[in-house]
Structures are given as C-alpha cells and as structure tokens.
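Open your viewer and get ready to click around. We'll go stop by stop, picking a residue each time and looking at what is there.

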Amino acid sequence: MLIFGHPHLASESFYHIDGPEAIASTPAGSTVLFAWGAANLDLVAYCGANGIPFALEAASLKDALFAENAGARFILVDPALARSVQKVAETYLFDAKILTYIEDEEQMEAMAYEGIDGVVFAEAVIKVTA
C-alpha cells in the first residue's frame, strides 16, 4: 500500500492546481492534482503534451474510467467509492494507482483489507494558485 502524507514517512506531495498557470509554481517533476471534469480538459491536455505527471480526483466510477484513459498517474476517490473503483482497476489492469483520502491511521487498515492501492493524508496535498 502506498502512503502519502503520513508524518513518519517521507513521501511525494500532490500539488492541487486550479489552472495551467499554477503549474509554474510547482517543483520540477512534481505531480499536479485536479478534479476530472469538462472544465479541466485543458489541464489534462496541457499535462499530457508537456509530460507533467498528474493525478485526477474522480467523483464516480465513470470519472475514474475517464481519468485512466486520460493518462492520470493516480486516481483519487472518496473512501466510499474506493472498493468499487479498485475492483474495476484490477479487472481492466489500470496503469493508474487508486488512492483514497483518509484522516487517521485507523482508516489505513480498512483500506488495506479492501486492497486499495494507497491512501492520502491531507498533509500530502499542497494547494497552489497562480
């Protein structure tokens, strides 16, 4: 299981952006994060064209399917959705890892039993504005 943002472990951070201008404020090689949706298709295209690793927040299984096909490195979903998305990801051999947000260590075990690829504590997400 991948663990992002736990205080006892070094891990990659996600840089939550609201537009392509904000990417310039992120460290080189960092993973940018934004929600899947029609309003962000320009960000998906920009990241893809420029080789910028990106993670997408998916609000549904359909969004997760789009995120995988768009080339997301990670797909972040609500814990209630994680199990069903993970099952589909395994069936279709997604390249993206399925992650879910958690608030405390106790939730890690539940996600591990569900076979979720990884968990993200709030400390792993850095808000970036242009």
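Does glutamate 105 count as buried, partly exposed or exposed, and at what relative accessibility? Select glutamate 105: at 45% relative accessibility, this residue counts as partly exposed. The cut-offs are under 20% relative accessible area for buried and over 50% for exposed, with partly exposed in between (1.4 Å probe, protein chains only).

Before moving on, some housekeeping. This is a predicted model, where local features need pLDDT of at least 70 and side-chain atom pairs count only at pLDDT 80 or more, while totals for chains, interfaces and linings use all residues. Residues are numbered from 1 along each chain as its sequence is written, and side-chain values use heavy atoms, with hydrogens and water left out.

**Stop 1**

Helices (H or I, at least four residues) and strands (E, at least two) are DSSP runs, numbered from the N terminus.

**Stop 2: two salt bridges**

How many salt bridges does the structure hold? There are two, a salt bridge being a side-chain nitrogen of Lys or Arg within 4 Å of a carboxyl oxygen of Asp or Glu.

Select arginine 73 and glutamate 12 for one of them: the closest N and O atoms are 3.0 Å apart. This pair links distant parts of the chain, 61 residues apart, with arginine 73 in the loop between H3 and E5 and glutamate 12 in the loop between strand E1 (2–4) and strand E2 (14–16). Arginine 73 is partly exposed, with a relative accessible area of 39%, and glutamate 12 is partly exposed too, at 25%.

Next, pick glutamate 114 and arginine 83, whose closest N and O atoms are 2.9 Å apart in a salt bridge. Here glutamate 114 is in the loop between H5 and strand E7 (118–120) and arginine 83 is in helix H4, 31 residues apart. Glutamate 114 counts as partly exposed, with a relative accessible area of 34%, whereas arginine 83 counts as exposed at 56%.

**Stop 3: the core**

Now head inside and select Ile17, Val32, Phe34, Phe54, Leu56, Ile75 and Val77. These have the most contacts inside the largest nonpolar core, which has 34 residues. A nonpolar core is a set of buried Ala, Val, Leu, Ile, Met, Phe, Trp, Tyr and Cys residues joined through side-chain atoms within 4.5 Å. Among the elements giving two or more residues to this core are helix H1 (20–23), strand E3 (31–35), helix H3 (61–70) and helix H4 (79–91). H4 gives the most, with five residues.

**Stop 4: a few buried spots**

Click on leucine 33, in strand E3. Leucine 33 is buried, with a relative accessible area of 0%.

Then try glutamine 86 in helix H4, which is buried with a relative accessible area of 2%. Glutamine 86 and leucine 61 are 25 residues apart in sequence and 9.6 Å apart in space, C-alpha to C-alpha.

**Last stop: a positive phi**

Finish at leucine 93, in the loop between H4 and E6. Phi of leucine 93 is near 55°, a positive value in a residue other than glycine. Leucine 93 counts as exposed, at 67% relative accessibility.
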